[in-house]
Amino acid sequence: QVQLVESGGGLVQAGGSLRLSCAASGRTSSIYVMGWFRQAPGKEREFVAGISLSGGGTHYADSLKGRITISRDNAKNMVYLQMNSLKPEDTAVYYCAGGSIGAWPRIRPSEYGYWGQGTQVIVSS
């Protein structure tokens, strides 16, 4: 099977930056797309960014465009989320997700079959 582990979360001041990492292990050859989602207390899990592992195409949530960049290192089985100009409303648990071959882009949690445990991001004023 596939295991996903996020890291890089923490506490940062508003306007600062963080880079989240997602390490994939196991049967990584079964993963064709990777995505980042986030969930704040009392809110639905929302799409942040996605990337195709084959062509490298990316897709971003409208509300975050210009402040985030998703990237991949296929040789290391790693996916990253660079976040800049962070705002307090970015505070959430961020989840890494992987999906099998299929349609693109994928912005719904149900379109991903593998999930990490999440990493907490807190942005202070």
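Q: Over how many bridges do S4 and S9 pair in the antiparallel sense?
A: This is a predicted model, in which local features need pLDDT of at least 70 and side-chain atom pairs count only at pLDDT 80 or more, while totals for chains, interfaces and linings use all residues. Residues are numbered from 1 along each chain as its sequence is written, and side-chain values use heavy atoms, leaving out hydrogens and water. Strands are DSSP runs of E with at least two residues, numbered from the N terminus, and two strands pair if DSSP finds at least two bridges between them. For the antiparallel pair S4 and S9, the number of bridges is seven.

Q: Which residue in S9 is the bridge partner of Arg38?
A: Strand S4 spans 33–39 and strand S9 spans 92–99. Across their antiparallel pairing, the partner of Arg38 in S9 is Tyr94.

Q: Which residue in the turn of the S4 and S5 hairpin has a positive phi?
A: S4 also runs antiparallel to S5, joined by six bridges, with Val33 partnered by Ser52 of S5. Six residues lie between the two strands of this hairpin. The turn residue with a positive phi, about 80 degrees, is Gly42.

Q: How many residues does the largest nonpolar core have?
A: A nonpolar core is a set of buried Ala, Val, Leu, Ile, Met, Phe, Trp, Tyr and Cys residues joined through side-chain atoms within 4.5 Å; buried means under 20% relative accessible area with a 1.4 Å probe, protein chains only. Among the residues with the most contacts inside the largest core are Trp36 and Tyr94. Strands that each supply at least two of its residues include S1, S4 and S9.

Q: What is the S to S distance of the disulfide that joins Cys22 to Cys96?
A: A disulfide is assigned to a pair of cysteine sulfur atoms within 2.5 Å, and the count by this rule is one. This pair links Cys22 in strand S3 to Cys96 in strand S9, 74 residues apart. The torsion about the S-S bond is about -80 degrees, so the disulfide is left-handed. Between the sulfur atoms of Cys22 and Cys96, the distance is 2.0 Å.

Q: Which residue's backbone nitrogen does the side chain of Thr119 reach at 3.2 Å?
A: Thr119 lies in strand S11 and is buried, with a relative accessible area of 10%. Beyond its neighbours within four places in sequence, its contacts (heavy atoms within 4.5 Å) include Glu6, Leu20 and Tyr94. The backbone nitrogen reached by the Thr119 side chain at 3.2 Å belongs to Gly9.

Conventions. Buried means under 20% relative accessible area, exposed over 50%, partly exposed in between (1.4 Å probe, protein chains only). Helices (H or I, at least four residues) and strands (E, at least two) are DSSP runs, numbered from the N terminus. A polar contact is a pair of N or O atoms within 3.5 Å; within protein, one must be able to donate a hydrogen and the other to accept it, and residues adjacent in sequence count only if both atoms are side-chain atoms.
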